[in-house]
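Work through the exercises below with the sequence and the model at hand. Try each task before reading its solution.

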Amino acid sequence: MSVKHFITAVSLAVVSTVIPLTVTAEQHAHDAKSAKSGHDMNKMWAEMRTKAVGMAVSVAADEKGKLWLVRMQDGHIQVSHSEDGGKHFSEGVTVNLQPEAILAENQNRPKIAVRNGVIAVTWVQALPKVFAGNIRFARSVDGGRTFSEPVTVNDDQGEISHGFSALTLGDDGRVTLAWFDGRERDAADKAGQKYVGTTVFYGVSEDGGASFSANRKLADHACECCRIGMTLDPDKVPVVFWRHVFEGSMRDFALARLDSQPRVLRASEDGWEINACPHHGGDIAVDEAGSRHLAWFTGNPQNPGLFYRRADGENMTAPHAFGDLDFQPGYPAVFAHGKKVYLVWREFDGNNYQLMASVSADRGDTWSAARAVAATGGAADLPVFVVGAQKPLVVWNSARDGVRFFNAEGDL
């Protein structure tokens, strides 16, 4: 595939049938036109809400290396564990006893984190109104045998958009959830004011998820439906990485540390001007020295593709391009440990998806040649690293091969 065809594929992906949880006023207008031409958003949302199985999964490792997997099945969040590196998993434990409509595809997946005996889980409940949802949370303190009654973390009660939740859990029991929230946009609409994008909100629990603070606003004008990347700095303060709508409808990336006075930094300068959400979020990892390792996608026709950079405070390295533009590279994930940094992403050759990997031994200054780790046919999830693992363990789910695990430095 030529670069021109790759850009065309990107444009098609922006208006694909992967449904965003939030949309701009401009997108609502586009959806209205689509509905007139037979593109029924209400029908598609109903189909999303009634899906029996979610392709998108997440996995976390505890201190002993046990793996904990979360997925959606028949309206229930299921958590299972493996003591042999993912070769076999226990029977799933149901988190929400009452079934609910749950989004578990592509950018919008359930998340899990495990520390000091606490197993924390978050997911997005899809409400009947198109694009409306709630941020849900539950925890286990008895080794995953039972879970608390799920709670809704967004503290506004309107049937509006809340979605794409991200989760961190520190050794001190501090739980942080971040998500995209439509309350500011809806208030602006009611006041007759223009509001571009959506808002990043977050909530904090200082007691392992037993209770949460009032919601806090981090940033206005975030892109609506690209996954949020979030991890912990060495001092256990969360760092958030998301696609933002900068002036001129530039949908590049932003970074913020959730300390006492969060400050938003621009993390990429791609200049991708597009009045739609690309459904293509980035990822972040932090090493022991406190450097942030960032990976993302841009569809700027002048320089499209996947990019990596290291951020040391406000000082950032030049972006490093990776992935083969002839094979639609996308959905990068990053892992950092010591001086080594690992990148994985997905490519498509027209018939099969491939899981690709590259490694740096010098904190992202130079990179190995890309290599294919695995392949699959049919529907495939995005590759993601196992949260809390001490090695670059990747989980990849597909319709044909199921949930598989790979070491980004060499197959298991």
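## Exercise 1: A hairpin

Strand 1 and strand 2 make a hairpin in which five residues lie between the two strands, and Gly65 in the turn has a positive phi of about 90°. Helices (H or I, at least four residues) and strands (E, at least two) are DSSP runs, numbered from the N terminus. The model is predicted: local features need pLDDT of at least 70, side-chain atom pairs count only at pLDDT 80 or more, and totals for chains, interfaces and linings use all residues. Residues are numbered from 1 along each chain as its sequence is written, and side-chain values use heavy atoms, with hydrogens and water left out.

**Task.** Find in which sense strand 1 and strand 2 pair, and which way the residues of strand 1 point.

**Solution.** 
Step 1. Strand 2 covers residues 67-73, and strand 1 pairs with strand 2 in the antiparallel sense over four bridges. Two strands pair if DSSP finds at least two bridges between them.
Step 2. Ser58 has Val70 of strand 2 as its bridge partner.
Step 3. From strand 1 (residues 58-61), Ser58 and Ala60 point one way, while Val59 and Ala61 point the other way. All of these are buried, where buried means under 20% relative accessible area, exposed over 50%, and partly exposed in between (1.4 Å probe, protein chains only).

## Exercise 2: Aromatic rings

**Task.** Describe the ring pairs that Phe335 forms with Tyr342 and with Phe385.

**Solution.** 
Step 1. A pair of aromatic rings is described by the distance of the centres and the angle of the planes. Rings of Phe, Tyr and Trp (its six-membered ring) pair if their centres lie within 6.5 Å; planes under 30 degrees apart count as stacked, over 60 as edge-to-face and the rest as tilted.
Step 2. The whole structure holds 13 aromatic pairs. In one of them, Phe335 and Tyr342 are 6.0 Å apart centre to centre with 55° between the planes, a tilted pair. Phe335 and Tyr342 are both buried.
Step 3. For Phe335 and Phe385 the centres are 5.5 Å apart and the planes stand at 40°, so this pair is tilted.
Step 4. Phe335 belongs to strand 23 (residues 330-337) and Phe385 to strand 27 (residues 384-385), so the pair ties together parts that are 50 residues apart in sequence. Phe385 is buried, as is Phe335.
Step 5. Elsewhere, Phe241, Phe253, Trp296 and Phe307 form one aromatic cluster.

## Exercise 3: Charges over rings

**Task.** Which rings lie under Arg266 and Arg346?

**Solution.** 
Step 1. A charge sits over a ring if NZ of Lys or CZ of Arg is within 6 Å of the ring centre and within 35 degrees of the ring normal.
Step 2. Arg266 lies over the face of Phe246, 4.1 Å from the ring centre.
Step 3. Arg346 has its charged end over the ring of Tyr353, at 4.1 Å from the centre.

## Exercise 4: Positive phi in loops

**Solution.** 
Step 1. Most residues other than glycine have a negative phi.

## Exercise 5: Helix 4

**Task.** Which residues of helix 4 are buried, and what covers them?

**Solution.** 
Step 1. Helix 4 spans residues 183-190, and its buried residues include Arg183, Arg185, Asp186 and Ala188.
Step 2. The cover of the buried residues includes strand 10 (162-169), strand 11 (175-181) and strand 12 (198-205).
Step 3. After helix 4 comes Gly192, with a positive phi near 75°.

Conventions
Contact means heavy atoms within 4.5 Å.
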